[in-house]
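The entries follow the order in which I took them.

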Amino acid sequence: MDLFSQQAEEEQRANAPLAARMRPQSLDELIGQEEVVGAGKLLRRAIETDRLTSLILYGPPGTGKTTIARIIAGHTESTFRTLNAVTAGVADIRKVVEEAKEALSMYQKRTVLFVDEIHRFNKSQQDALLPHVEEGLIILIGATTENPFFEVNAALLSRSQIFRLQPHSEQDLVRMAKRALELPDRGLGHFRVDADEEALEHLARFAEGDARRMYNALELSVLSTRPDANGVIHLTLDVAAESIQRRVVRYDKNADQHYDTVSAFIKSIRGSDPDGALYWLAKMIDAGEDAKFIARRLVISASEDIGNADPRALQIAVSAFQAIELIGMPEGRIVLGQAATYLATAPKSNAAYMGINQALAMIQNGSSTEVPPHLRDAHYKGASRLGHGKGYLYPHDFPGNFVEQRYLPEGLGDHIFYAPTRNGYEQVISERLHHWRSRRNGG
């Protein structure tokens with residue numbers, strides 16, 4: 001590298017955003033992600049001993065995926081190559097493969113290939129990598145914000161270790177911010193900054209686990225604040241609030257944020273917590289989730305989790321779905337909120353849900369499905385001559401509209417599929433059913 005190239009590189013590094021300058025350069029500089037790269041953890045041992053196998057780093061933005069890849073690049077004695085899946089194509093992959101073959105044959109060096117945003121590779125691009133990963137020519141490190149089980153083909157997944165990175169804790173983000181304010185060369189230490197603790201906590205809280213977002217807000221706070229007469233920049237809560245005004249709601253309608261959030265929503269309803277239900281409902285609404293999807297989930301929950309403990313729950317859920325179709329959003333949020341809170345506070349029973357599942361399982365496992373003669377239709381031509389309907393007792397001809405009679409196929413005995421709880425209206429059903437079943441069984 002000549003003098004001018006070195007000077008240009010140094011200027012580029014000095015002018016880089018704070019998040020880039022503060023990127024950890026070693027495992028010891030890393031803050032957070034202890035479950036993945038903490039002392040004694042598998043990935044840390046593999047990096048320190050340079051015994052890597054193909055791996056995929058999966059997690060939200062700003063959690064350290066690229067940082068870990070760069071640390072690996074600094075540790076490994078293998079040839080390290082980088083591709084960004086947004087701009088790279090099959091030709092770029094082939095070039096890396098040819099260079100990897102040359103490095104192995106001439107220098108006995110393996111090649112580690114880091115593919116950023118690997119979820120953006122299409123099937124043909126992933127297939128172009130597969131045989132070379134399979135034979136060990138290339139050790140793949142993929143980074144993705146999307147669930148790899150949705151976006152990366154199964155063959156590559158089966159040959160890779162999956163490491164999930166979590167959003168940084170607020171405590172870790174505060175530590176990162178303080179470190180950035182202390183370091184003069186890479187951070188903001190060349191400024192005289194007096195940062196209030198509550199200001200740093202605000203930046204950490206509203207960054208929602210994203211270190212890059214926190215660093216950007218911290219840098220903006222410092223650079224946009226005039227120093228006082230003594231040259232001190234006061235970083236207050238008001239300054240911090242202006243620099244990071246709204247937290248980003250991480251939500252992808254086709255990936256695990258979608259599934260995780262709706263799961264939390266339904267589990268809050270099932271757990272009779274209207275506050276939790278409203279919170280997760282609000283997250284889905286704010287992220288632009290399809291209101292009809294939410295309403296459909298309410299209809300399912302009304303039967304699966306409440307059932308006959310409160311028969312009105314299904315009516316309200318269906319009405320909510322119809323109302324959403326009629327009025328749409330944003331007013332539909334009120335309807336969804338009403339339905340969600342009704343379902344969350346309703347008595348719960350999954351007896352009907354369990355009953356139909358048990359009946360289906362019995363049929364699918366080969367149980368007799370032959371309809372007993374007395375229950376068969378006797379009205380179509382020739383049916384009565386075959387004995388269909390013979391012996392059937394019409395319940396309305398008997399006191400209380402009930403008569404002892406078998407309705408299950410022969411061989412099932414007195415099997416019970418529906419076992420109502422003692423919750424809500426099912427207590428009434430339970431008592432009534434107990435009376436009928438005891439009479440049917442000769443009790």
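Predicted model: local features only at pLDDT ≥ 70, side-chain atom pairs only at ≥ 80, totals over all residues.

Entry: Phe417.
I looked up Phe417 and found it in the loop between helix 19 (351-364) and helix 20 (426-440). Is Phe417 buried or exposed? Phe417 counts as buried, because its relative accessibility is 19% and the cut-off for buried is under 20%. I then listed what Phe417 touches, leaving out residues up to four places away in sequence: Gly355, Gln358, Ala359, Met362 and Leu408. For a distance check I took Gly271, which is 146 residues from Phe417 in sequence, with the C-alpha atoms 24 Å apart.

Entry: Ile138.
I placed Ile138 in strand 4, which covers residues 138-144. Which residues are in contact with Ile138, apart from neighbours within four places in sequence? I found Ser54, Val96, Val97, Ala100, Thr111, Leu113, His132 and Val133. I also checked Ile138 against Arg159: the two are 21 residues apart in sequence and 12 Å apart from C-alpha to C-alpha.

Entry: salt bridges.
Side chains of opposite charge can pair when their charged atoms come close. How many salt bridges does a search of the whole structure find? The search returns 19, and I followed up some of them.

I began with Arg81 and Glu99, whose side chains meet in a salt bridge at 3.1 Å, N to O. Arg81 is in strand 2 (residues 79-84) and Glu99 is in helix 6 (residues 90-107), so this pair ties together parts that are 18 residues apart in sequence. I have Arg81 as partly exposed at 32% relative accessible area, and Glu99 as partly exposed at 31%.

I next took Asp172 and Arg175, which form a salt bridge with the closest N and O atoms 3.5 Å apart. Both residues lie in helix 10, three residues apart, or about one turn of the helix. Asp172 counts as buried at 16% relative accessibility, whereas Arg175 is partly exposed at 47%.

I then looked at Glu370 and Arg376, where the side chains meet in a salt bridge of 2.9 Å, N to O. Glu370 is exposed, with a relative accessible area of 53%, while Arg376 counts as partly exposed at 25%.

Entry: negative patch.
I asked which residues gather in a patch of negative charge on the surface. The patch holds Glu170, Glu198, Glu201, Asp238 and Glu242. Helix 11 (197-207) and helix 13 (237-243) are the elements that give two or more residues to the negative patch. I looked up Glu170 separately and found it in helix 10, residues 170-182.

How values were computed: Residues numbered from 1 in each chain as written. Heavy atoms only, no water. Patch = residues over 30% accessible without salt bridge, like charges linked within 9 Å, V, L, I, M, F, W, Y side chains within 5 Å. Areas by Shrake-Rupley, 256 points an atom, 1.4 Å probe, with all protein chains shown as cover. Salt bridge = Lys/Arg side-chain N within 4 Å of Asp/Glu carboxyl O. Lys, Arg positive; Asp, Glu negative; His and termini not counted. Charge placed at Lys NZ, Arg CZ, Asp CG, Glu CD. Helix = DSSP H or I, 4+ residues; strand = E, 2+ residues; numbered from the N terminus. Buried < 20%, exposed > 50% of the residue type's maximum accessible area, 1.4 Å probe, protein only. Contact = heavy atoms within 4.5 Å.
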